[in-house]
Amino acid sequence: MWTRKAALILTSGLSLVLVGMMMSNFQLMTIGIVFISFLTVNGWVSGHGDLEISRTLSADNMYKGDDLYVELAITNHSSRRTQQLEIYDNIPHEMKLRSGLNYMAVNLGPGETTRIRYVLRCPLRGHHSIGPVSIRFRNTFNLFSEEMFINHRSDLVIFPQVRDIEEAMVRSQTPKMYTGATTLRTPGPGTEFFSLRDYVPGDPFKIINWKAFARTGELMVNEKCRDAVTDVFILLDSREIARIGTVLKNPLEIGSVAAASLASYFLQRRDSVALAVYDDRLSFLPQDTGDKQYFKILSSLAGVSPKGAMPLQAVTNALSPRFSRGSPVFIITGLEGDSTTIPAIRDLCGRGHEVIVLSPSGIDYERIITRIPRMSYEVLKLERQNRLTAIAGFGARVIDWMPDVELSQALLQVKSG
Amino acid sequence: MAEEVQLQQEGLTTLHLRHLRKKWQILSLQVLATISLLWMFMLITRTYGACDSAVVASANSRNALYWCPAYDHTLTLAWMQAILADGMSDPTYSLPLPDWMTGAGNSGDGRYFMPIVIISLFTAGWVALGSQTALIRRRVSIGILGVAIVYLAGIFTLTWLWGMFSSWSLYLPFGQTVSSGRNHAEHLIGPLTLYIQLFIMLLVFVPIVCGLLGIWNLSKRMLSWAVAWPLLFLGFHALLSYEGVRANFDVGLETLPSQIGEATEFGGLMSPQIAPLLLIAVLFIVFLESAFAVIRQIEYAFRLPESCKKDPEYVRQFENVMNHHLVHTVGVMFFVWLVSALAIKFDDLIISLVGLFEGNQWSEQVRESLELQLTYGTVISAMVFVVFVAGLRYIVPWQRIIGFIEVSMKERSEQPAPVVEEF
């Protein structure tokens, strides 16, 4: 593509040639011809984007707010020089450059390699993709340019931050009935030793007690005490209304942080954790324990985005067969724009579940971005307080979570009826 | 795949401004731009610095001064000195700036050497000042302005005030009789003459002043002036020396030849009339591109974050880009000159080619065709040649050829030295 400068030189050259011809002035004509020759000779030089790109990331998965180290290796495998290229590695607009630069002007000879190294800060959770690589050839004298892409992408999952809430959970008024895994004096899946028994076909080799086999000459296997675990259910409100506030500070963002932190806390205690996210549909991750479940929960939370308006009642109705009897249910919702919230929580409490409602105050998030008249704000706050009081009245524990309050602090502010 | 990623390295050479200023590639481009500017200026003065020979002869026969808007400041200074000497009835009067400084009285290129040296010193001082703090720059600028104002109005104001105080009466400093000692406006003549003299010199040396400041003080605005001024002059010269204009309004400018003469220079490639014109045009582009490239590349380096300025990869690629800019400047500009010269000569080539078909009526007609040898024929044939050259891009894979040469040179330089076995 011709640049504006090239177009200007061509028109100037032609004009000078024509004016020179009309006035029989060889100087003007010569300048005109030189201008046009300049374009012509430069036309011989063209760049190419026949490059091999490889991008290395310091991590494929990381937590929100962490730094990502990126290295982009660019090799010219062609037998001719690339000429002057500008290489730009496209990064998601949510990410911020912390050090280095995702851009470099290069002129690579045949077989030459160069490396662009930069550090990104990832302030937003989600599934992101770095790339493609944009390449722009610019003629040495900036007369011609050509834009190319190399569709090389690297995927990346940014998990929500996980806060340490152990101390807060101990000190808070949240019920202590789910104290983590407790061993029962019966054989079953667990961690502590219970007894030895004879090997039966089908038993995994890894539980064979080789010392006992050496001593007795018969295959014996270890049996473990059965661990009793509590099933914890976390319900996260990801409806459209949860996006209110700024990109970094809104009920959904801090709700996902809370869900991740709770899940981490309970999984570390070897409880089973289930996650339900409701937006325009319900996504349910059945209860399980262990690191795999932790990874699954974080991955699910990373992909959460605000959409839809599914009522909570529909969620609880759909999940009621899956809820274990008497299990605690954490509901993370702003309690806005859903008239079924109160009956749904009433039903859950009525069925004997320990319900804890962690409610980011939507009206206060809205106040960050827009000016709400004082009277309107007071009325809306009063309505919200009434809603919280009503929920607390059913026996649920309610946490009114203000925007500038840390999760661990918020957990200490449990209000019960 | 997640892997260990190296952090940005730090090398010994960086892309900080203080290092860039000393980088040989940057200095080469600046020197190239300076040489092109000075050479272009000298060629312009040689080509456009004289009045019409008829005007000169007529003035010489009358032993009178002559003036024309040629690109020569000494003409205007001599004319101004004569007018002032006449007005003061003092034939020995000379302008405040001495002749050795302005180049007046010299002939040929000697008229420009001393002013160029002085301008270069001034530019060097200004560039050095540019590296000082803003406070010092401001103080020096205000100081120069203050001295200029005091020199212009200081003696005038002091003598006027002292005159009013000593005579104890209020009066205007002008319009008084000279003998009364109250015509203090006389004190303005000297400084004003100096400033006018400087202004006249500045008008001629604008490309040098602005060009040098643009190249060494990295100012795009100055470079634009340095480029625009010669173009404006060439445009006015073309207009004023145009036959149609001269018929009604002749300012006595020397006209360029309207015919290309016999090609005797560069092995018969071009005529002596065209050679300087072509060189002016080529040097104009070399100056423009080199000077702007320096600023463009320094701007790129300046905008890089601190970590990238120290990163050896960025430094290496910057050097790559600069090296190839230099290579292209030399290579492309040589070809531009060659293609332009061949294009202008192409009409001759066509006639010579047609001459091969001797005995043919058509070939005889073409050989004797005046149109082909006149301006229109020259330009049209030149354009045909340029289009042909543009098409060569698709025929000759020269970039690939150069690439192969580069690869083979690289392989040869990377080959280990043969092991000499001792017996």
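Some ground rules. Residues count from 1 along each chain as its sequence is written, while chains are lettered from A and ligands numbered from 1 in the order in which they are written. Because the model is predicted, local features need pLDDT of at least 70 and side-chain atom pairs count only at pLDDT 80 or more, whereas totals for chains, interfaces and linings use all residues.

Confidence next. The model scores ipTM 0.86 and pTM 0.81. Chain B averages a pLDDT of 86, and 95% of its residues score at least 70. That score is the predictor's confidence in each residue, from 0 to 100. Among the elements of chain B, helix 2 (residues 24-48) has the highest mean, 95. Helix 15 (residues 370-373) of chain B has the lowest, 62.

Now chain A. What is its secondary structure? Eleven helices and 20 strands. Helices here are DSSP runs of H or I with at least four residues, strands are runs of E with at least two, and both are numbered from the N terminus. The radius of gyration of chain A is 32 Å, well over the 22 Å that the globule rule gives for 417 residues, so chain A is more spread out than a compact globule. The radius is taken over C-alpha atoms, and the rule is 2.2 Å times the number of residues to the power 0.38. Those C-alpha atoms fill a box of roughly 110 × 80 × 35 Å along the principal axes.

Of the 417 residues of chain A, 40% count as buried. Buried means 20 or more other C-beta atoms within 10 Å of the residue's own; exposed means 12 or fewer; partly exposed is in between; C-beta atoms are placed from the backbone. For contacts in chain A with a separation of 6 or more, 72% join residues 24 or more positions apart. A contact means two C-beta atoms, placed from the backbone, within 7 Å.

The domain assignment of chain A gives domain 1 (4-43), domain 2 (51-159), domain 3 (166-180 + 230-411) and domain 4 (182-228). Such bounds come from an automatic or database assignment. The centres of domains 3 and 4 of chain A, over C-alpha atoms, are 41 Å apart.

On to the cores. A nonpolar core is a set of buried Ala, Val, Leu, Ile, Met, Phe, Trp, Tyr and Cys residues joined through C-beta atoms within 7 Å. The largest has 85 residues, and those touching the most other members include Ile234(A), Leu275(A) and Phe330(A). Helix 5 (residues 251-268) of chain A gives the largest share of this core, eleven residues. Beyond its neighbours within four places in sequence, Leu275(A) contacts Ile234(A), Leu236(A), Ala259(A), Ala263(A), Leu285(A), Ile297(A) and Ser300(A). A second, separate core has 82 residues, including Ala226(B) and Phe292(B).

That brings us to chain B. It has 17 helices and zero strands. Its radius of gyration is 30 Å, well over the 22 Å from the globule rule for 423 residues, so chain B is also more spread out than a compact globule. Its C-alpha box is roughly 105 × 80 × 50 Å along the principal axes. Buried residues make up 27% of the 423.

Chain B is divided into domain 1 (27-71 + 219-270), domain 2 (75-218) and domain 3 (304-408). The centres of domains 1 and 3 of chain B, over C-alpha atoms, are 27 Å apart. Their contact takes seven residues from domain 1 and six from domain 3. On the domain 1 side, six are nonpolar, one is polar and none is charged. Nonpolar covers Ala, Val, Leu, Ile, Met, Phe, Trp, Tyr, Cys and Pro; charged covers Asp, Glu, Lys and Arg; the others, Gly among them, are polar.

Is Ser340(B) buried or exposed? Buried, because 29 other C-beta atoms lie within 10 Å. Ser340(B) lies in helix 13 (residues 312-355) of chain B. Leaving aside neighbours within four places in sequence, Ser340(B) contacts Ile33(A), Val34(A), Ser37(A) and Leu278(B).

Arg18(B) sits in helix 1 (residues 17-20) of chain B. Arg18(B) is exposed, because 8 other C-beta atoms lie within 10 Å. From Arg18(B) to Glu319(B) is 301 residues in sequence and 16 Å in space, C-alpha to C-alpha.
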